[in-house]
Each structure stands twice: as structure tokens, then as C-alpha cells.
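Please keep the sequence and the three-dimensional view at hand while reading.

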2 protein chains.
Amino acid sequence: MPNTALLAIDWGTTTARVYRLDANGQVLDQRSQPLGISQVSEGRYAEALERLLGNWVHEPVPRLACGMIGSRQGWVEAPYVECPASLDTLASRLVHTPDGSLTIVPGLMTRDARGIPDVMRGEETQLLGAVAPDESQILTVLPGTHSKWALVDRGTVVDFATYMTGELYSVLLAHSILGRMAKPSAASNDAAFADVSFDRGVQHGLDMGGLTHDLFAARTLALTGELEPTEVEAWLSGLLIGREVRDALAWAKQYQSSSQIRIIGEYVLSQRYRRALEAAGLVTQPSPAQAAGQGLWLIARQAGLVG
Amino acid sequence: MPNTALLAIDWGTTTARVYRLDANGQVLDQRSQPLGISQVSEGRYAEALERLLGNWVHEPVPRLACGMIGSRQGWVEAPYVECPASLDTLASRLVHTPDGSLTIVPGLMTRDARGIPDVMRGEETQLLGAVAPDESQILTVLPGTHSKWALVDRGTVVDFATYMTGELYSVLLAHSILGRMAKPSAASNDAAFADVSFDRGVQHGLDMGGLTHDLFAARTLALTGELEPTEVEAWLSGLLIGREVRDALAWAKQYQSSSQIRIIGEYVLSQRYRRALEAAGLVTQPSPAQAAGQGLWLIARQAGLVG
């Protein structure tokens, strides 16, 4: 295995993914394992790292990780850096594990006008990987359990906001009366983004109602037969994503009024977001693949870990 | 047991409560049992009614029930009556069980400007019991798992809207990351309404943010130590109730701009709502006790079941 220059790890709550990069920052190879911090007993992180790296463990190159591994519940805490946060600042605040086997990128913190904090860990690295250092004023969304919207400007994460969309969707389906109305649909996974019920939900979400009221419509529409039990999941997904889009666009207005947005994330969920964002009148851009690997490479280079 | 004129039953999802009323509509006695429709096997309602009535089963008087017993999952379906719905209309749409042992009050349905349906069962009867037939334009709230806001005018339920506040609070605490941050507090039951964390949550809820974003603050405030783990529950309760108040006041504006509101419900939750409503600048009125019993009495009289 010649040419390895960096082992870059996106180490999250459930999964850890390692990229093997060459001296040009190209991804030569990658692997992932269910070794997220919720899967590893405290004090067993060195062992988990060895398992994750496998035969790459003998590569005499730096290892740089981002994500929940740097949280209070992780291996070693990498204190949050305040926004706006540049690539340079992030690179200067790296933290090392006591045994020197891993370097960790800190997460970011911001506060809104009311002083309410918001945090991210891992997404800052994806953002810097997905937005080139010479691009200005790029509005981005990272869909997920806790979706993040961020404004990135020339290698600096200016500000961001979190929306609990994915988690709300999961708990409502699994544990509320709305889930009791729903029947899984064959289309509910990869095709739901093209589902008319999803689009109806999006429109309802983009509308002006209050969320705890609008959620109840998943029940009443099913009760009156205006939504089939197999359509409830897609409608609810649309409602929550539509509402996120509405609320986050109001948040983004303080920074810019561009109608472009970059979606950073895995394919299926990104397609749902694309559809909802376009319904709101935005033009979406796909993100480069392996944003975390690219971001870790840029941070490593800025920190002088690689030449 | 002389003087019984009506056996009035508030028959909900988890509990059934029966009131024994005299010929003046006064409650002589009441009892409740965990015989809600989710507790009774289909086809066993007659038996459940006998258990609920106990020795009152031999009273030769009408029996009138409201609530989920009239739903599709109940004993016999009493189709929804459309709003605006008067006491007179409700009384003319009563439904009888096949064995003639019980008469059931229908629920109400309304549709908002977008055509989205909303429903209630049982609350319509509480509303008519809590607002006298000669009172005009009374704004009311019935706090609960699915809180209802309604405008009642001279014995007519003009319109209403549901907010899933209580259910959202429960599922988020039990199943989301927000619950994992929370530690039960000694104050979290009957005293939480007087808790400063509750008031902070209310203020946040009355604010302009998006709910799926604002919910995340229960995590970030705990993360930064600005909220103790024992304060998370009260803060979250405040946030959700505050948000309900904000959204429902926007809904109520279409009908009236009075600053008075009547709270119909049990003491602890009503106290929390009172505090949140007052924070929003409203003047609250307590509701008469036993609103359901009183409402059933008025409907029975209107229907000629009692003299």
C-alpha cells in the first residue's frame, strides 16, 4: 500500500468511517464499521481504533478524526470553537489523545440573537470539505437526525442552526398516535421522495401553521380517508422537512437571499430534501462525495500534519 | 338513592367517569374506573357499562355518554357533527347502542381555510358544560395530550383547533435525545408551574423560532450548563406550552381579540397553562368543575331525555 499520506476518520455516534488518502488528498480507499461512540465502552477507544484501521494500523502516517469522538462522551474532549470559525482556527485547536494515537478536530458552537447555543461535531469538517476555500456565501444543508443548516464563506463556517427533523420523524412514527395510523408502504424508502403524499406534506409544512397543530393532521386526514394508512409516513416526512425548510430559510435571511443551496449528505435523504427545497423555490446543488474525507484532508494540511 | 334523573358518562380512551345527577342537574355522586375504550375488548362494552355503573345499574333513568365510546373504535360510531355546532344540533344527533342501554353524544369536526380537518370527541360536551348558554364569544383551552382550543358562542361551538402538546412532551422525554439529558426533579410534578425553568421555556416558546430548532435548545442549554438536568423537563414543558399558546392565539385572531381565556381541565396542568397564558398577556378564568357532567345534563335536557 504505497502513497498513504493520511488516515482520516469520520467518527460518529453509531458508525466510524476511515478514509485512506494519498499525498494529493485523493481517497485511495475507505472502510466503515459500527464502532461509533455509542457502540464502544468507555476506555476502549484505542482498541476500537485498531479494529477500525485493521491492516492500515501500521501505516506511519498521521490520523485525524472528526465527530462525536471529540465529545465529552468520546475519547478526549475537544472543546467547541465559536463561530464564525475558519479552517485556520479549527486547525489550530486540534486535540491529541493521551497515547498520541489520534488527533481530533473540535466541534463548533454558535449563539443566536437571544443567546441560545447551538452545536455541531463532524459537520464542520464536512462543510469545509464540501465548500471550496475560494467559494463565497454558500448556503448548505446537511439532512439527518439533527439536520444542520450552515452558511460557509471562503473557508469559514459563519453560522449554523440545527433542526431535530429526523429524530422527530422517528419518535413520532414509533411512539405517537401518528405512527398507529401509519402502515409501511413499499415506496416508503427510496421512492418516497417521488410520492405525491410526500409533496402534499411538504406543502403543508411550508404553510403558516403551528407544528404541534399541523402534526395532528396526519391523524385527521387518515381518519377522514384523505390520506391512506400507507401514505402517512411519506406525508409526515414531507411535513417535517417542509417545515424545516420554511423555518431555516427564515433563519438564513439574516445572511443572504441567494436562491441556491448545497445539499450535503447521503443519496436517499438528499433526494427528499432536494424535492422539498425545490418546492420552496430554491435551486439545489449536489455536494461532492466524501466531504468528511476532503475536510479532514484540508484541516490536516492547514495544521501541517501533511505536507 | 332517591332523585336520580340522569347517569352521565364521560367515556374516554383510558378512563370512564360516571356522574349521578338529580332533576336539577346537580351532581349527587360520581365514580371513575379504568374502563376507557383502550381497556375494554371489542364487544364487551355492555359488560363494561355494568361494571362502571355498579349498583346504579338499576336506576330507571336515561344514560348519556360522550367521548371516545362514540368513535369508530368504540361501542357504536356517532358520526362527527360539523362546526359551527349548536347544543340543539348535538342533541338531535344522539346515537343509541343496539341494546338501548346507552345514548351517545357525537364528536365534532371542523375544517380550516385550507380544508384540513380537525376533530374532537368528549371536549364538545365539556365546552357546553363550561360555557353557559347565554355567554358570548368565549375563548377556551382544554389542556391535555391533544390540547383543544375552541371558541364558544351562546351554546354553539364555533370552531376549534388541536395541538399535540402533551403527546409531544411525553414522547420526546421518553424516546428522544432530550429525555436522555433530563433528570426527574422533585418539583417536576405539581410545582413545576412555579419553576423558573418552566417560565424560561415558556418565553422561548412564545418567541419566533421554528419548533424543531427550538427543541434542540433543551439539549444545548443542558450541554453548556445553562440548564440543569433536573430543569430540562420543566423547560421542555414550558417550551411546548408556550409554543401552543403562541400558535393558538394566531389561530384565535380570526374570531376575536379578547384578552380573556377560560381554562377547562384538571388542576395541575391548568396551573401550568395559566402561567403560560398570563406570560402571553392573557387574563385567565378558571372553569366550573365537572364540565362534562354539566354538558351531558344540558344535552340530555335539550334532547328531552330529562324533564
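## A pair of helices

The axes of helix α4 (residues 165-175) of chain A and helix α9 of chain A come within 10 Å of each other and cross at roughly 150°. This makes α4(A) roughly antiparallel to α9(A), because angles under 35 degrees count as roughly parallel, over 145 as roughly antiparallel, 65 to 115 as roughly perpendicular and the rest as oblique. Axes are lines fitted to C-alpha atoms, for helices over the stretch in contact, and the angles between N-to-C directions run from 0 to 180 degrees. Helices (H or I, at least four residues) and strands (E, at least two) are DSSP runs, numbered from the N terminus. The crossing of α4(A) and α9(A) is right-handed; a crossing is given this name if the near helix is turned clockwise from the far one by less than a right angle, and is left-handed if anticlockwise.

On the side of α4(A), the contact (heavy atoms within 4.5 Å) involves A:Thr165, A:Leu168, A:Tyr169, A:Leu172 and A:Leu173. These residues meet A:Glu233, A:Leu236, A:Ser237, A:Leu240, A:Ile241 and A:Glu244 in α9(A). Together, the residues of this contact divide into seven nonpolar, two polar and two charged. Here Ala, Val, Leu, Ile, Met, Phe, Trp, Tyr, Cys and Pro count as nonpolar, Asp, Glu, Lys and Arg as charged, and the others, Gly among them, as polar.

## Basis of the description

This is a predicted model, in which local features need pLDDT of at least 70 and side-chain atom pairs count only at pLDDT 80 or more, whereas totals for chains, interfaces and linings use all residues. Residues are numbered from 1 along each chain as its sequence is written, chains are lettered from A and ligands numbered from 1 in the order in which they are written, and side-chain values use heavy atoms, with hydrogens and water left out.

## The six-stranded sheet

Strands of a sheet pair through backbone hydrogen bonds, either parallel or antiparallel. Two strands pair if DSSP finds at least two bridges between them. In chain A, six strands form an open sheet with mixed pairing, in the order β6-β13-β12-β11-β14-β15. At the edges of this sheet stand β6 (85-86) and β15 (283-286) of chain A, each with a single partner strand, so one side of each is left without a neighbour in the sheet.

Within the sheet, strand β11 (residues 138-142) of chain A runs antiparallel to strand β12 (residues 147-153) of chain A, and five bridges join the two. A:Leu142 has A:Lys148 in β12(A) as its bridge partner. Helix α9 (residues 232-252) of chain A packs on the sheet and touches β11, β12 and β13 (156-163) of chain A, its direction making about 30° with that of β12(A).

## The three-stranded sheet

A further part of chain A is an open sheet of three strands in the order β5-β9-β10, with mixed pairing. Its edge strands are β5 and β10 of chain A, each of which pairs on one side only. Strand β5 (residues 81-82) of chain A and strand β9 (residues 108-111) of chain A pair in the parallel sense over two bridges, and A:Leu108 in β9(A) is the bridge partner of A:Val81.

The pairing of β9(A) with strand β10 (residues 117-120) of chain A is antiparallel and extends over four bridges. A:Pro117 in β10(A) is the bridge partner of A:Arg111. Five residues lie between the strands of this hairpin, where A:Gly115 takes a positive phi near 90°.

## Backbone details

In chain A, the peptide bond from A:Cys83 to A:Pro84 is cis, with omega near -5°, and A:Pro84 is found in the loop between β5 and β6 of chain A. A:Arg154 has a positive phi of about 45° although it is not a glycine; this residue is placed in the loop between β12 and β13 of chain A.

## Relation of the two chains

The same surface serves both copies, since 100% of the contact residues of chain A recur in chain B.
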